[in-house]
Protein chains: 2
Amino acid sequence: MLEPDKLSLNIPDTTKPRVVIVGGGFGGINLAKKLNGERFQVVMFDRQNYHGFWPLLYQVATAGLEPDAIAEPLRKMFGSDEYQDFHFRLVKVTGVNPAIKTVSTIIGDLPYDYLVMATGTKSNYFGNEQIKKYSFPLKQIPHALNLRSQLLQAFEQANMTNDPEIRQSLLNIVIVGGGPTGVELAGALAEMRKHVLPDDYSGLDFSKMNIYLVEGMDRVLPPMSPEASAKTYKYLMELGVVVKLNTLVEAYDGETAVLKGGEQIKTNTLVWAAGVSGALIDGLPPEAVERGRVLVDEYNQVIGLPGVFALGDIALMKTEKYPKGHPMVAQPAIQQGQLLAKNLKRMLRNERLEPFEYNDKGSLAIIGRNRAVADLPKNIHLSGFLAWATWLFVHVMALVGFRNKLVVLSNWVYKFFTYESGTRLIIRPFVRKGDRVKQEFLNKYNSD
Amino acid sequence: MLEPDKLSLNIPDTTKPRVVIVGGGFGGINLAKKLNGERFQVVMFDRQNYHGFWPLLYQVATAGLEPDAIAEPLRKMFGSDEYQDFHFRLVKVTGVNPAIKTVSTIIGDLPYDYLVMATGTKSNYFGNEQIKKYSFPLKQIPHALNLRSQLLQAFEQANMTNDPEIRQSLLNIVIVGGGPTGVELAGALAEMRKHVLPDDYSGLDFSKMNIYLVEGMDRVLPPMSPEASAKTYKYLMELGVVVKLNTLVEAYDGETAVLKGGEQIKTNTLVWAAGVSGALIDGLPPEAVERGRVLVDEYNQVIGLPGVFALGDIALMKTEKYPKGHPMVAQPAIQQGQLLAKNLKRMLRNERLEPFEYNDKGSLAIIGRNRAVADLPKNIHLSGFLAWATWLFVHVMALVGFRNKLVVLSNWVYKFFTYESGTRLIIRPFVRKGDRVKQEFLNKYNSD
């Protein structure tokens with residue numbers, strides 16, 4: 001890895017309008033795909049070289065899928081065969097200067113004609129540095145691999161202690177946040193506890209393994225319908241997940257989670273899925289930012305900044321139907337990316353722009369085998385096998401690459417019939433941020 | 001991760017003879033499988049929780065396969081449904097005390113009746129600490145993932161520099177060691193350069209990418225037949241690999257590889273596949289160790305140590321046909337493991353033991369698509385498509401799990417027709433041992 005001062009962006013000069021897209025998530029890739037043609041030069045910046053299908057990230061954490069099944073290299077997606085004048089750069093964007101229409105990265109600045117922020121979100125610890133230090137986030141592939149290693153090592157170690165208190169602490173898993181990530185992770189762990197782990201660890205009593213799901217609101221899956229929440233709660237009960245509603249986690253020091261009200265849970269593994277905030281870029285005027293998101297008009301243009309746009313989770317578009325903004329899921333990002341491509345072309349032709357209208361295709365969550373919930377348009381609520389099959393169909397179809405679909409589908413079919421998956425690999429020495437184990441021990445443990 | 005003093009091995013007491021196997025490689029798993037039954041308690045120690053099919057490791061490094069395709073969790077392999085009184089522990093073994101028949105681990109000691117060392121090999125840098133610090137080994141899955149990230153990041157950065165010298169250094173890859181690992185890695189990289197990379201990086205001129213293969217002996221693949229070596233050399237030439245025979249690498253500081261004779265190659269990526277030595281366990285008498293391997297008799301029993309055995313790469317069994325020991329590949333380990341299981345049962349019955357006789361099934365190497373070489377018994381030498389198909393068949397059949405076979409085969413078929421694979425993911429911030437980039441920069445680059 002070279003120092004930044006030896007690198008430069010090397011974007012070719014062009015007479016075409018330059019669209020700079022920050023972020024290769026759902027919004028960014030859908031915009032870039034539709035922009036392809038002769039009219040624009042498209043530059044995409046991301047700190048990762050892949051697009052990830054994050055709704056399945058919990059599957060990587062629970063050893064159901066490997067990373068390549070849910071991620072696609074951006075360079076493969078925008079290969080030069082098909083995409084002209086498209087330029088990907090693996091860099092971190094540090095700021096924007098709207099006054100001179102320049103975006104800054106750690107290796108240099110680039111002038112833009114149109115800037116599109118599609119940076120998504122990052123974990124929000126609400127200022128609790130201790131929780132940030134000791135908890136496991138689940139936002140990126142390395143997070144999922146870390147959590148997987150942590151869970152498997154906890155079971156290995158629970159098998160190697162005679163101290164019942166230490167063993168219980170290793171077998172307690174606390175998931176903070178009852179949104180889709182927390183619910184789906186809790187469900188997948190409960191299925192593992194039932195079908196996979198007892199055979200792997202015959203010396204361990206998995207009736208002692210506790211999966212806690214802690215949610216601050218009065219129901220799980222707050223973004224979904226009350227019907228879906230109630231059904232999900234029932235499913236979680238059936239699977240033996242301990243759900244604590246109206247409950248906040250106030251502290252976690254790597255050993256003990258302290259809940260509001262004083263209850264304490266000893267655990268070596270606390271997963272933080274309780275909140276996100278927009279991954280903001282420096283340089284935006286304060287009036288363009290609200291509650292960690294970027295205020296945009298109905299054309300996804302940032303308030304007061306012509307030529308600057310925001311898409312997806314980072315964008316806060318207040319409409320009559322969605323006064324607090326659209327749900328922070330894939331569909332609004334996809335639809336906004338596709339519409340913005342059309343509108344940028346319209347701008348070139350001086351045509352009237354089309355305002356965004358969200359086409360809500362519904363939402364889905366999976367809790368376990370044959371246990372899923374779906375809110376579909378026209379107030380249709382599905383659950384059970386039908387929702388499960390819908391979930392499977394929608395997610396497999398949504399995966400980007402042809403190969404990924406095959407991998408995920410064959411994994412799923414295989415798992416459905418055998419309750420088995422083959423990826424329970426601890427593939428790296430695990431060092432947790434703030435781990436209290438001395439480095440010398442790790443060196444000794446992992447040498448060569 | 002807990003401190004070792006809080007853990008203990010927790011192996012149940014038994015009246016049966018206890019066989020302790022150190023290492024879950026080819027020798028260890030074949031022994032354990034055949035020992036299953038009512039006669040022995042079997043304890044397996046490994047620092048990884050999986051068995052790896054290492055002949056395909058270079059495919060993980062070149063983004064052809066994901067780790068789960070070449071590795072199988074040991075607990076899955078020896079699930080409690082089928083294997084009785086089998087106990088896996090994820091620990092590092094630190095020594096053996098043959099006088100009191102005890103093996104030591106970082107979390108405690110365990111008495112054994114039979115101890116089997118099946119620990120394989122580790123990279124041998126021949127005492128060159130600088131090369132050890134700056135080079136990339138390729139012995140384990142984390143090594144392969146590191147190398148993959150390094151290669152992909154080097155291409156990303158080559159795309160982001162205007163300095164021709166820096167760019168060339170990023171596009172030079174030096175592989176030290178012309179054995180199977182070095183040859184197969186060089187071939188796979190050459191195929192990537194031809195079929196995958198130009199489409200991914202349209203701004204880079206891949207005719208400038210150099211793949212050097214440096215070998216100290218006078219031919220590549222020295223363990224194979226001269227016919228196979230000659231054919232392999234021709235294939236490497238056709239693929240544009242720069243092969244340097246009779247050449248040693250004397251120094252590498254992370255920037256410049258210095259060859260014996262003085263030639264220098266600037267490179268950011270030097271892969272060390274030049275030598276291995278046995279992963280020895282402390283406590284063996286010096287007369288039992290020769291050139292880094294453990295001297296064993298024809299029953300794989302360590303010279304002078306009744307009840308202690310060594311299998312596979314770590315074992316040096318000198319026979320008339322193999323005066324320098326058997327080839328350090330999978331087959332001798334597999335066959336020795338299977339035979340030792342039989343002989344341990346014979347010992348219990350006081351029957352005469354069967355001496356080991358190696359059944360050489362031949363050896364194979366793959367250089368590229370339709371380019372492979374095979375030395376088969378009875379002096380049959382194959383090359384080209386026939387050897388390639390044989391290679392594919394043998395390797396897919398050898399993979400341990402049912403699912404892995406499917407994954408590898410479908411990957412291969414897909415790659416064969418499309419020259420494409422989907423795993424070019426840089427899945428973690430890469431920090432090289434001894435990297436000269438400051439930690440603050442890495443923190444800045446990877447924050448959040």
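**Reading sheets, hairpins and helix pairs**

Tutor: Let us start with a sheet in chain B: five strands with parallel pairing make up an open sheet there, in the order β11-β18-β12-β13-β14. Please keep in mind throughout that this is a predicted model.

Student: Which strands of chain B stand at the edges of the sheet, and what is left without a neighbour there?

Tutor: The edge strands in chain B are β11 (136–137) and β14 (242–244); each has a single partner strand, so one side of each lacks a neighbour in the sheet.

Student: Over how many bridges does β13 of chain B pair with β14(B)?

Tutor: Strand β13 of chain B, residues 210–214, pairs with β14(B) in the parallel sense over three bridges. To find this pairing in the model, look for B:Leu213, which stands opposite B:Val243 in β14(B).

Student: What is the order of the five strands in the open sheet of chain A?

Tutor: In chain A the order is β11-β18-β12-β13-β14, and the pairing is parallel. At the edges of this sheet stand β11 (136–137) and β14 (242–244) of chain A, each with a single partner strand, so one side of each has no neighbour in the sheet.

Student: Over how many bridges do β12 and β13 of chain A pair?

Tutor: Five bridges link strand β12 (residues 172–176) of chain A with strand β13 (residues 210–214) of chain A, in the parallel sense. One place to look is A:Val176, whose bridge partner in β13(A) is A:Val214.

Student: Which residue in the turn between β25(A) and β26(A) has a positive phi?

Tutor: That residue is A:Lys378, with a phi of about 60°, in a hairpin that has three residues between β25(A) and β26(A). Four bridges join these antiparallel strands of chain A, β25 covering residues 371–376 and β26 residues 380–383. Here A:Leu376 stands opposite A:Ile380 in β26(A).

Student: Let us proceed to helix pairs. At what angle do the axes of α6 and α7 of chain A cross?

Tutor: One reads the angle between the axes, then the handedness, and then the residues that meet. The axes of α6 (residues 141–158) and α7 (residues 164–171) of chain A cross at roughly 160° and come within 9 Å. Angles over 145 degrees count as roughly antiparallel, and α6(A) and α7(A) are therefore roughly antiparallel to each other. The crossing in which α6(A) passes α7(A) is left-handed.

Student: Which residues of α6(A) and α7(A) meet?

Tutor: On α6(A) they are A:Ala154, A:Gln157 and A:Ala158, which meet A:Arg167, A:Leu170 and A:Leu171 on α7(A). Of the residues in this contact of α6(A) with α7(A), four are nonpolar, one is polar and one is charged.

Student: Are α1(B) and α11(B) roughly parallel or roughly antiparallel?

Tutor: In chain B, the axes of α1 (residues 26–35) and α11 (residues 330–348) come within 7 Å and cross at roughly 30°. That angle makes α1(B) roughly parallel to α11(B). The two helices α1(B) and α11(B) cross in a right-handed manner. Their contact includes B:Phe26, B:Leu31 and B:Leu35 of α1(B), and B:Ala333, B:Ile334 and B:Leu344 of α11(B). The residues of the contact of α1(B) with α11(B) comprise nine nonpolar, six polar and one charged.

Student: Finally, what does the domain assignment give for chain A?

Tutor: The assignment gives domain 1 as 4–47 + 91–122 + 277–348 and domain 2 as 129–274 in chain A. Taken over C-alpha atoms, the centres of domain 1 and domain 2 of chain A are separated by 35 Å.

Technical notes. Residues are numbered from 1 along each chain as its sequence is written. Chains are lettered from A and ligands numbered from 1 in the order in which they are written. This is a predicted model: local features need pLDDT of at least 70, side-chain atom pairs count only at pLDDT 80 or more; totals for chains, interfaces and linings use all residues. Two strands pair if DSSP finds at least two bridges between them. Axes are lines fitted to C-alpha atoms, for helices over the stretch in contact, and angles run from 0 to 180 degrees between N-to-C directions. Angles under 35 degrees count as roughly parallel, over 145 as roughly antiparallel, 65 to 115 as roughly perpendicular and the rest as oblique. A crossing is left-handed if the near helix is turned anticlockwise from the far one by less than a right angle, and right-handed if clockwise. Two residues are in contact if their C-beta atoms, placed from the backbone, lie within 7 Å. Ala, Val, Leu, Ile, Met, Phe, Trp, Tyr, Cys and Pro count as nonpolar, Asp, Glu, Lys and Arg as charged, and the others, Gly among them, as polar. Domain bounds come from an automatic or database domain assignment.
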